[in-house]
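Reader: Could you take me through this model, beginning with the terms you rely on?

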Amino acid sequence: MEAKLDPAKDDLPLMANTRHMLVKHYVLDLDVDFKSQVIEGTIVLFFEPGSRCKKVGSDVEETCLSQSDETCKIRASEPCHIPVTNVSARSSKTGCNDFAVCAKGEKDTSDKNGNHSNGEQASGISSSKNCCDIENHGSEDFLLVLDCCDLSVLKVEEVDVAAVPGIEKFTRSAKLTDASEELRNHRNQIVHELVTLPADRWREQLYYYTQCSQAPGCGELLFSTGTWSLEIRKAEIQAARDFPHAIRIWYKTKPEGKSVTWTTDQSSRPCVYTMGSPINNRALFPCQEPPVAMSTWQSTVRTASCFVVLMSGENSTEPAQLQEDLLSWYYYVTMPMPASTFTIAVGCWTDVKQESYTADVQTNDEFSSLFSRADLRLIERNCGHLEYPCHFQNPAASSQVVIPHRVFAPWCLRDRCAEILLPLIPHCLSAAHATLGTHPFSRLDVLIVPSNFSSLGMASPHIIFLSQSVLTGGSHLCGTRLCHEIAHAWFGLAIGARDWTEEWISEGFATYLEDVFWAVAQQLPRDEAREQQELKTWLRWQRLRDEVQNSEEELQVLRPNKENTGEVSESGTCIIKHGLNAEKTFMQVHYLKGYFLLQSLARRIGEDTYFEFLRKFVQKFHGQLILSQDFLYMLLEDIPEHKGYGLSVENIIQTWLETSGIPKPLLEESQNWDQCRFVQQVNDEVTKWIQVNQRARKSSKRKRGQDEVAFQKLLPDQLVLLLESLLEEKTLSLRTLQCLEKTYHLHEQDAEVRHRWCELVVKHKYTAGYAEVEKFLREDQAMGVYLYGELMVNEDAKQQELAYKCFAAAQKQMDVSSAKVVAEMLF
């Protein structure tokens, strides 16, 4: 039995041997059963040999599809699609290769196999039968390793792609040899020809992927499951290039699987969604999790007709009626991306529409000039990514300011979405286009997810999840969060990190760009936009200081693998440092330090020049995975005059990315940030409130209404800063808190403001506000985790009772990381 890793201490292992076999396409065929809380069915994986194929049993090690690893290792100024191969001692000694034999006796006892294309073969296959003596076979047979967790794997088989009618066209160049190898080579040749079809034949490719996925099996494969992996082998196959290139896996998810969240929506209807949890999608389907395993996919999902299936897909699908109460939904993508970006959400979602609504989308001339005609010429250049039907090469897409979009939500939130969210989307999409140019994806769905969603938002290809917390208190929080997630279409999805520990590449850019997008979306004059961004900078600076003071130093480093960043083992396995640390889930250091690095560079270079460079960078690296130095090298090469000011890639990496704490340049830059106009306005209001509080403590009840104070109207971010400043006061009187609540209507403000108000309520034991705290902990779970700690720290019986009550009500539906962190605070 495998020892369980301690989520508080251990790194996340990525087990797939991607250097030997690389998944190019997934075909999922699934049924969603809400009664059993299980997703079951098949997944067909189409492979190509990886960058390093070994021929076991020979003195010669044969490497196929090789590329120079040094080009990846040094500077990646040229596009590179394979990871570095130099292996550190750490990479091969993580303890991730100890597997148990798969659990015995797990059988598919369901009666739903008729829904599968090859269902009769799935019934009654036990894992123990398939495992045989896999742990005793020695080192002769090639072993395919996939990332897998919390799945019941029922059967693995080779797919007879040669049985597909019309498939002969893919075998004309095949060189078949002796009879024993002929059929095997024949099938693998078909898959090779299929996965390497040119981009302009993507429809034909998708058709044959579908046909091949429905072909009959031609032999079961031996397999074994461990805590983190699925190992598959075929007897007497000793080299990756000879291993079946198309395999089908029959499996079921488990209700407790960490990649899948079964819950109810805000209308108390059942639903399920995935959110790229700390273990990503390996508990949704067996896959290759390392980012380098970029693949396409297609998925058919069947469920009861009362449910809507949303998914990462290029097509805005309409379901097919299979039976009276059964619908089938189909999605596909043609842009290769890591399997971790795949997302699915099934629920009784309502398609939010606003009749007779036409968005008046305009672009501020000051900002639209950023996207000049010179940038339009960039689409004429060749792309650097693997071949696929690229959106950036489509002239019509380059001029599409607002891509087609839909909004889905539980029924009870339909009107609020129509009022707040729906009108914002065209403006935010237009602002993104004005800033960066062509949208990477052709369409967008936005879904308001259940209240137990542990973040304010999450972006996946073609779909964004938003927390219900963004729908209160006007448009500010909703707009900024929407802009943040839209920014991920470029940074995080179209351009991804080759090493997952470099989260700042995604989150730093999205945090920086959300301010820019939101200013354009609001049509703010440049001076006002700058002042609002200065306010946000001050707020983020305060948060970064607090986080640095209250977190472990090793969690503050943006590039924890340092010089080993991007390296993998000889087989392609690696670890994600701190990937299972629950505390890290709630840290913002990658957002904040990444933001400040990008802001520092923009100030040094100049805004217009900086955004001109960003568009060039997007054009060069879209569809690819990068490391920090890819961005930094190109920046300094594109703007060489700044090399003379002490800027170098090594300097930036050492100062900003590989050191804990606050970078020295940031300390120097921060000295004048509190002098901006909006911050000074808040400081003036804080002074007034301190005076009000002093008078309130001295005066009698009869003098309560004598001295009325005129308070300024504040922006939402200013309110956040005001409340944070008042939290530093030792005591605030009951009358002051009552006046504060009444003056700003705090219970009606957005979640960021209400969170600070709840902190004040707890700190000063303002019992009249306890109902607001309870409401926040129930409805704003994405933000309320650390309020539990505040409730416990005062050692007040009423507050602790409130914490226990709220946790008991929410615990079962909380995600694992949130529940763990809160439990440690309470018990």
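Author: Buried means under 20% relative accessible area, exposed means over 50%, and partly exposed lies in between, with a 1.4 Å probe and protein chains only. This is a predicted model, in which local features need pLDDT of at least 70 and side-chain atom pairs count only at pLDDT 80 or more, while totals for chains, interfaces and linings use all residues. Residues are numbered from 1 along each chain as its sequence is written, and side-chain values use heavy atoms, with hydrogens and water left out.

Reader: What percentage of the chain counts as buried?

Author: Of its 827 residues, 61% count as buried.

Reader: And how many helices and strands are there?

Author: The chain has 25 helices and 24 strands. Helices (H or I, at least four residues) and strands (E, at least two) are DSSP runs, numbered from the N terminus.

Reader: Among contacts between residues at least 6 apart in sequence, what percentage join residues at least 24 apart?

Author: The figure is 77%, where contact means heavy atoms within 4.5 Å.

Reader: Let us turn to α9. How many of its residues are buried?

Author: Twelve of the twelve residues of α9 are buried, including His 476, Arg 481 and Glu 485.

Reader: Which residues of α24 are buried?

Author: They are Gln 799, Gln 800, Leu 802, Ala 803, Cys 806, Phe 807 and Ala 810. Seen down the axis of α24, these fall within an arc of 155 degrees, so they line one face of the helix; the arc is that of the directions from the helix axis to the C-beta atoms.

Reader: Why would such spacing put residues on one side?

Author: An α-helix has 3.6 residues a turn, so residues three or four places apart point the same way.

Reader: What do the buried residues of α24 pack against, and which exposed residues are on the face turned away?

Author: The buried residues pack against α21 (751-763), α22, α23 and α25. The face turned away carries the exposed residues Ala 797, Lys 798, Glu 801 and Ala 808.

Reader: At what angle do α23 and α25 pack?

Author: Helix α23 (residues 785-793) and helix α25 (residues 816-826) pack at about 5 degrees, with their axes 9 Å apart. Axes are lines fitted to C-alpha atoms, for helices over the stretch in contact, and angles run from 0 to 180 degrees between N-to-C directions. That makes α23 roughly parallel to α25, a label for angles under 35 degrees. Among the residues that meet are Tyr 788 and Met 792 in α23 and Val 822 and Met 825 in α25.

Reader: What about α13 and α15?

Author: Helix α13 (residues 589-605) and helix α15 (residues 628-638) also pack at about 5 degrees, with their axes 13 Å apart. The contact is made by Leu 598, Leu 601 and Ile 605 of α13 and Phe 631, Leu 632 and Leu 635 of α15.

Technical notes:
Parallel < 35°, antiparallel > 145°, perpendicular 65-115°, else oblique.
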